[in-house]
Amino acid sequence: MRSFSFLFGGSCFLCRGAARGVLCGDCDAELPRLAPPRCPRCALASPRGEPCGRCLAEPPPYDATVAALAYAFPADVLIQALKFRGELALAPFLGALLFRNRTSADVIVPVPMSNQGLRERGYNQAVEIARAAGRPIELGLCTKQRDTAQQTGLPWSERRRNVRGAFSCTRRLDGKSVAVVDDVMTTGATLAEIATTLKAAGAAHVENWVVARTFPPDA
Ligand SMILES: [Zn+2]
Ligand SMILES: [Zn+2]
């Protein structure tokens with residue numbers, strides 16, 4: 001594998017100062033790493049690390065969420081560069097933050113894009129991040145059947161409806177534990193729909209592994 005210093009010319013991706021890796025020490029220290037205690041189910045802050053009120057009131061179809069960073073500066077800059085500007089070399093860096101200590105799942109599934117979405121972007125950032133797990137990932141296991149409206153353009157209340165029935169699973173997963181990898185988790189509507197789809201295919205346990213988590217305005 002080529003080294004980052006080769007790819008980035010030895011300068012920090014954010015401040016262009018000297019760096020041995022993707023970021024210099026100062027920028028790396030600025031990353032908004034998420035610390036416990038968090039709700040194990042949705043990764044929002046939870047005083048004693050217990051399931052939060054939302055998850056107790058309305059349990060989501062996924063069993064757990066692990067998020068490495070808050071979706072805030074400068075993590076948002078890195079994720080947007082990966083997602084919208086083709087800076088694919090950021091994927092192993094972000095993936096390494098996510099996969100540190102995280103290796104227990106029978107199957108790793110990146111959040112799929114529709115064929116149309118994939119044609120437009122040319123790559124799926126979730127796939128690029130998932131490759132950093134250093135374990136087999138199943139690209140064809142979960143597919144997105146139709147193009148959906150951009151979730152970011154929709155009110156939160158409509159996001160779940162927008163993705164309903166959008167995904168399908170191409171084989172049975174009876175008794176398996178599945179990790180679903182994505183760059184950002186916002187409301188969790190897409191991940192909830194995927195978890196529902198995976199469980200309908202027999203999955204026993206579904207976890208979201210996301211690089212960054214956004215937080216609802218009232219949380
Ligand atoms: Zn820097
Ligand atoms: Zn929760």
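Author: Happy to; we can go through the metal sites, the pocket, the cores and a few backbone details. One thing to know at the start is that this is a predicted model.

Reader: Good to know. Which residues hold the zinc ion (ligand 1)?

Author: That zinc ion (ligand 1) is coordinated by the SG atoms of C12, C15, C24 and C27, at 2.3 to 2.4 Å. Along the sequence, these donor residues follow the pattern C-x2-C-x8-C-x2-C.

Reader: And is C12 buried or exposed? What about C15?

Author: C12 counts as buried because its relative accessibility is 0%. C15 is partly exposed, with a relative accessible area of 42%.

Reader: Now the zinc ion (ligand 2): which residues coordinate it?

Author: C39, C42, C52 and C55 do, each through SG, at 2.3 Å. Their spacing is C-x2-C-x9-C-x2-C. C39 and C52 are 13 residues apart, and each sits in the loop between helix 2 (25–30) and helix 3 (53–57). With a relative accessibility of 1%, C39 is buried, and C52 is buried too, at 10%.

Reader: Why is the arrangement around the zinc ion (ligand 2) called tetrahedral?

Author: Because its 4 donor atoms subtend angles of 107 to 114°. For reference, the ideal angle for four tetrahedral donors is 109.5 degrees. The site of the zinc ion (ligand 1) is tetrahedral as well, with angles of 105 to 117° among its 4 donor atoms.

Reader: Nice. Switching topic: how much space is in the largest pocket?

Author: About 840 Å³. It is lined by 35 residues, and those closest to its centre are K83, Q125, Q150, Q151 and T190. Elements that give two or more residues to the lining include helix 4 (75–84), helix 8 (156–163) and helix 9 (189–200).

Reader: Which element gives the largest share of that lining?

Author: Strand 5 does, with 4 residues. By type, the lining divides into 14 nonpolar, 13 polar and 8 charged residues.

Reader: What about the inside? How many residues does the largest nonpolar core have?

Author: It has 36 residues, and L23 and W209 have the most contacts inside it. Strand 1 (64–70) and strand 6 (205–213) are among the elements that supply at least two residues each. Helix 5 gives the most to this core, with 7 residues. There is also a second, separate core of 27 residues, which includes Y62, V107, C142 and V210.

Reader: Then what is the phi of A43, and is A43 buried or exposed?

Author: A43 also has a positive phi, about 70°, without being a glycine. A43 is in the loop between helix 2 and helix 3, and it is buried, at a relative accessible area of 3%.

Note on methods: Residues numbered from 1 in each chain as written. Chains lettered and ligands numbered in written order. Predicted model: local features only at pLDDT ≥ 70, side-chain atom pairs only at ≥ 80, totals over all residues. Heavy atoms only, no water. 1 Å grid on protein atoms, 1.4 Å probe; cavity = no way out; pocket = protein on both sides within 12 Å on 5 of 7 lines; lining within 4 Å. Points joined across faces, edges and corners; volume = space filled by probe spheres on them. Nonpolar A, V, L, I, M, F, W, Y, C, P; charged D, E, K, R; others polar. Core = buried A, V, L, I, M, F, W, Y, C linked by side-chain atoms within 4.5 Å. Buried < 20%, exposed > 50% of the residue type's maximum accessible area, 1.4 Å probe, protein only. Donors = N, O, S within 2.8 Å, 3.2 Å for Na, K, Ca; no water. Tetrahedral: all angles 85-135°; square planar, octahedral: opposite > 155°, others 65-115°.
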